[in-house]
Amino acid sequence: MPLFEYRCMKCNHDFEELVAATGRTKVVCPNCGATSVEKLHSVFAARADASPIPVPAGGGCGRCGDPAGPCGM
Ligand SMILES: [Zn+2]
């Protein structure tokens with residue numbers, strides 16, 4: 001199940017919520033109970049963005065040295 005990060009528009013409380021792929025789950029702020037929350041981003045996507053594959057200036061993969069380019073590992 002994907003984990004999403006939300007921010008309450010009423011009290012600005014940040015919280016994470018597991019949301020099922022099927023069926024709509026009403027997301028409420030655990031701090032004040034407001035239903036007006038905005039989805040910030042997926043926590044998993046944020047982790048992927050935090051560790052990009054290093055690419056050396058000369059091209060190729062910075063992890064395995066493959067000159068063809070980033071290997072994606
Ligand atoms: Zn709130």
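Residues are numbered from 1 along each chain as its sequence is written, and side-chain values use heavy atoms, with hydrogens and water left out. Because the model is predicted, local features need pLDDT of at least 70 and side-chain atom pairs count only at pLDDT 80 or more, while totals for chains, interfaces and linings use all residues.

**The zinc site**

Let us start with the metal. The zinc ion has C8 (SG), C11 (SG), C29 (SG) and C32 (SG) as its protein donors, at 2.3 to 2.4 Å. Donors here are N, O and S atoms within 2.8 Å of the metal (3.2 Å for Na, K and Ca); water is not among the atoms, so sites may look incomplete. The angles subtended by the four donor atoms run from 106 to 116°, so the arrangement is tetrahedral. For reference, the ideal angle for four tetrahedral donors is 109.5 degrees.

Along the chain, the donor residues follow the spacing C-x2-C-x17-C-x2-C. C8 sits in strand β1 (residues 3-8) and C32 in the loop between β2 (14-18) and β3 (37-42), so this pair ties together parts that are 24 residues apart in sequence. Strands are DSSP runs (E, at least two residues), numbered from the N terminus.

**Accessibility**

Buried means under 20% relative accessible area, exposed over 50%, and partly exposed in between (1.4 Å probe, protein chains only). Here are some residues of this report on that scale.

| Residue | Relative accessible area | Class |
|---|---|---|
| C8 | 0% | buried |
| C32 | 40% | partly exposed |
| T35 | 48% | partly exposed |
| R7 | 31% | partly exposed |
| D14 | 36% | partly exposed |
| N12 | 57% | exposed |

**T35 and its contacts**

T35 belongs to the loop between β2 and β3. Neighbours within four places in sequence aside, T35 is in contact (heavy atoms within 4.5 Å) with K26, V27 and V28.

The structure has one salt bridge, meaning a side-chain nitrogen of Lys or Arg within 4 Å of a carboxyl oxygen of Asp or Glu. Its partners are the side chains of R7 and D14, at 2.7 Å from N to O.

Finally, N12 is found in the loop between β1 and β2. Although N12 is not a glycine, its phi is positive, at about 65°. Most residues other than glycine have a negative phi.

Technical notes. Tetrahedral: all angles 85-135°; square planar, octahedral: opposite > 155°, others 65-115°. Helix = DSSP H or I, 4+ residues; strand = E, 2+ residues; numbered from the N terminus.
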